[in-house]
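Look at the sequence and the model below before reading on.

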Amino acid sequence: MQKSILRKQILQQRAALSKADFDLLNQILLAQFKTLDFSGIKTLHTFLPIVQNNEPNTFLFVDWLRNHHPEIEIAVSKSDFKSHTMSVHPYLGINDLVENAYHIPEPKTSILF
């Protein structure tokens, strides 16, 4: 199956989720995430969700990590669509985010890892 067709199908499936089902799936993901062994982890890179696409709410992971493992640094990506590159930045909080042209939340700051 072509990636574009699969992507379209998955987007349709996520769009069809009720809020209750979406919230339940996110809680199931968070419960599974909590079972991971974070000993020895210094930095964890995560994507940030496109909210209107019902992508998994990784902000739940970030909040849980900050409360239970504040020693772990959280990293997120920022895309440069002109050069087709990505850079990695520390996650400084929701107030440091701005949506790019594709509605992906990205850090405003230029601090790099």
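Is His103 buried, partly exposed or exposed? His103 is partly exposed, with a relative accessible area of 39%; on this scale buried means under 20% relative accessible area, exposed means over 50%, and partly exposed lies in between (1.4 Å probe, protein chains only). This is a predicted model, in which local features need pLDDT of at least 70 and side-chain atom pairs count only at pLDDT 80 or more, while totals for chains, interfaces and linings use all residues. Residues are numbered from 1 along each chain as its sequence is written, and side-chain values use heavy atoms, with hydrogens and water left out.

His103 sits in the loop between strand E4 (97-99) and strand E5 (105-107). Its phi is near 70°, a positive value in a residue other than glycine. Most residues other than glycine have a negative phi. Asn54 also has a positive phi, of about 55°, although it is not a glycine. Asn54 belongs to the loop between strand E1 (43-45) and helix H3 (59-68), and it is buried, with a relative accessible area of 18%.

Helices (H or I, at least four residues) and strands (E, at least two) are DSSP runs, numbered from the N terminus. Read from the N terminus on, the order of elements is α-α-β-α-β-β-β-β. The C-alpha atoms fill a box of roughly 40 × 40 × 30 Å, taken along the principal axes. Of the 113 residues in the chain, 31% are buried. The accessible surface comes to about 7,900 Å², and 59% of that belongs to carbon and sulfur atoms; areas are computed by the Shrake-Rupley method with a 1.4 Å probe, and for residues only the protein chains shown count as cover.

Contacts (heavy atoms within 4.5 Å) show how the chain meets itself. Among those with a separation of 6 or more, 52% join residues 24 or more positions apart.

Next comes the interior. A nonpolar core is a set of buried Ala, Val, Leu, Ile, Met, Phe, Trp, Tyr and Cys residues joined through side-chain atoms within 4.5 Å. The largest such core has 15 residues, and Phe33, Phe38, Leu44, Leu48, Trp64, Leu65 and Tyr91 touch the most other members. Helix H2 (19-34), H3 and strand E2 (73-80) each supply at least two residues of this core, and H3 gives the most, with five. Not counting residues up to four places away in sequence, Trp64 touches Leu30, Phe33, Lys34, Phe38 and His69.

What about charged pairs? The structure holds two salt bridges, each a side-chain nitrogen of Lys or Arg within 4 Å of a carboxyl oxygen of Asp or Glu. One joins Arg14 to Glu55, with the closest N and O atoms 3.8 Å apart. Arg14 lies in helix H1 (residues 3-15) and Glu55 in the loop between E1 and H3, so this pair ties together parts that are 41 residues apart in sequence. Both Arg14 and Glu55 are buried.

The other salt bridge is between the side chains of Lys19 and Asp23 (2.9 Å, N to O). Both residues lie in helix H2, four residues apart, about one turn of the helix. Lys19 is exposed, with a relative accessible area of 61%, whereas Asp23 is partly exposed, at 33%.
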